[in-house]
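Work through the exercises below with the sequence and the 3D view open. Try each task before reading its solution.

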Amino acid sequence: MSIQTPILSARGLHHSFGPTEALRGIDLDVHAGEVLAVMGPSGSGKSTLLHCLAGVLVPDRGTVTYNPVDEVPLQLNELKETKRARLRLTDFGFVFQFGQLLPELSAVDNVSIPLLLKGIKRPEALERSRDMLQRLGLDGLGEKLPGELSGGQAQRVAVGRALVTSPAVLFADEPTGSLDSLASENVLTLMLDLVREADTTVVMITHDARTAAYADREVIVRDGALGAGYRVST
Ligand SMILES: Nc1ncnc2c1ncn2[C@@H]1O[C@H](COP(=O)(O)OP(=O)(O)OP(=O)(O)O)[C@@H](O)[C@H]1O
Ligand SMILES: [Mg+2]
């Protein structure tokens, strides 16, 4: 595979929710190893686009091609939900605005969930999760429940849960949107250190120009289309 082949390639994406046209023809390439910021007004279709790229949602029209390194390309829009769910678990990681940690599980147990779902035995899963928490500066907080952590600490746990499986692509939907600027910077710096080290591709939605400044490239979604001046590949 050529080094230029985009890891994700979307063509002609259209998607509606009832009468609402959320995506009106989006073409986008995401390059392997890049950190891509997706910006744009509220309701413009950013989350819908991210969900289509990640195989969470199948667009009404258009294609999403995923090119895993050294494996055959997959057309996500043609895969059944069970296959897409499996792929999300093995190849993708997700971070949302409000961490969405399981409140009754400790931090380390939250991080270990995707490893256990992948079939990794609990002792190894816990060891890898503790190691991840340590890299996120959360040493000693592994036994705490999410409710006992600060917002920034909880988001770092969410980042750990997303990255512990070493995903090829990290999808982040306003990962620091609920944090103040200091906590936000702290979470972003740690997250980006980890992804740069592992060459993880990142698609990150943000409203915040300071957050977007951490990205290699940004695209702007307006009314379900990519903003003027934007080219499919740069
Ligand atoms: N599940 C849904 N059911 C109905 N309408 C939806 C659904 N999800 C999104 N929409 C609509 O589709 C459009 C695009 O929504 P989307 O969530 O992609 O926007 P967004 O850019 O992520 O906005 P925000 O910045 O507020 O998160 C909006 O008009 C929204 O109301
Ligand atoms: Mg959104």
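**Exercise 1: A hairpin**

Task: Find how many residues lie between S1 and S2 in their hairpin, and check the phi of Gly 18.

Solution. 
- Step 1. Start at the turn. S1 and S2 make a hairpin, with 2 residues between them. Gly 18 sits in that turn and has a positive phi of about 55°. Bear in mind that the model is predicted.
- Step 2. Trace the strands. S1 covers residues 8–17 and S2 covers residues 20–30. The two run antiparallel and are joined by 8 bridges.
- Step 3. Pick out a facing pair. Opposite Ser 16 stands Glu 21, in S2.

**Exercise 2: The largest pocket**

Task: State which residues lie nearest the centre of the largest pocket, and how many line it.

Solution. 
- Step 1. Get the volume. The largest pocket holds about 350 Å³.
- Step 2. List the lining. It has 13 residues, and Leu 89, Phe 92, Phe 94, Pro 114 and Arg 161 lie nearest the centre.
- Step 3. Assign elements. Helix H2 (81–91), strand S6 (92–95), helix H3 (107–117) and helix H5 (151–163) each give at least two residues to this lining.
- Step 4. Sort by class. The lining of the largest pocket has 8 nonpolar, 3 polar and 2 charged residues.

**Exercise 3: The second largest pocket**

Task: Determine which element gives the largest share of the lining of the second largest pocket.

Solution. 
- Step 1. Name the residues. This pocket is lined by 14 residues; Met 132, Arg 135, Leu 163, Val 164 and Ser 166 lie nearest its centre.
- Step 2. Find the contributors. Helix H4 (122–135) and helix H6 (181–198) are the elements that supply two or more lining residues.
- Step 3. Pick the top one. H4 gives the largest share, 5 residues.

**Exercise 4: One asparagine**

Task: Decide whether Asn 110 is buried or exposed. Then describe its surroundings.

Solution. 
- Step 1. Asn 110 is part of helix H3.
- Step 2. Apply the cut-off. Buried means under 20% relative accessible area. Asn 110 has 0% relative accessibility, so it counts as buried.
- Step 3. Look for a polar partner. A polar atom of the Asn 110 side chain lies 3.0 Å from the backbone oxygen of Leu 105.
- Step 4. List the neighbours. Leaving out residues up to four places away in sequence, Asn 110 touches Leu 101, Leu 102, Leu 105, Pro 146, Val 157 and Arg 161.
- Step 5. Link back to Exercise 2. Arg 161, touched by Asn 110, is also one of the residues nearest the centre of the largest pocket.

Definitions and conventions
Residues are numbered from 1 along each chain as its sequence is written. Chains are lettered from A and ligands numbered from 1 in the order in which they are written. This is a predicted model: local features need pLDDT of at least 70, side-chain atom pairs count only at pLDDT 80 or more; totals for chains, interfaces and linings use all residues. Side-chain values use heavy atoms; hydrogens and water are left out. Two strands pair if DSSP finds at least two bridges between them. Helices (H or I, at least four residues) and strands (E, at least two) are DSSP runs, numbered from the N terminus. On a 1 Å grid over the protein atoms alone, a cavity is a set of points where a 1.4 Å probe fits but cannot get out, and a pocket is an open set with protein on both sides within 12 Å along at least five of seven lines; lining residues have an atom within 4 Å of a point. Grid points are joined across faces, edges and corners, and a volume is the space filled by probe spheres set on the points. Ala, Val, Leu, Ile, Met, Phe, Trp, Tyr, Cys and Pro count as nonpolar, Asp, Glu, Lys and Arg as charged, and the others, Gly among them, as polar. Buried means under 20% relative accessible area, exposed over 50%, partly exposed in between (1.4 Å probe, protein chains only). A polar contact is a pair of N or O atoms within 3.5 Å; within protein, one must be able to donate a hydrogen and the other to accept it, and residues adjacent in sequence count only if both atoms are side-chain atoms. Contact means heavy atoms within 4.5 Å.
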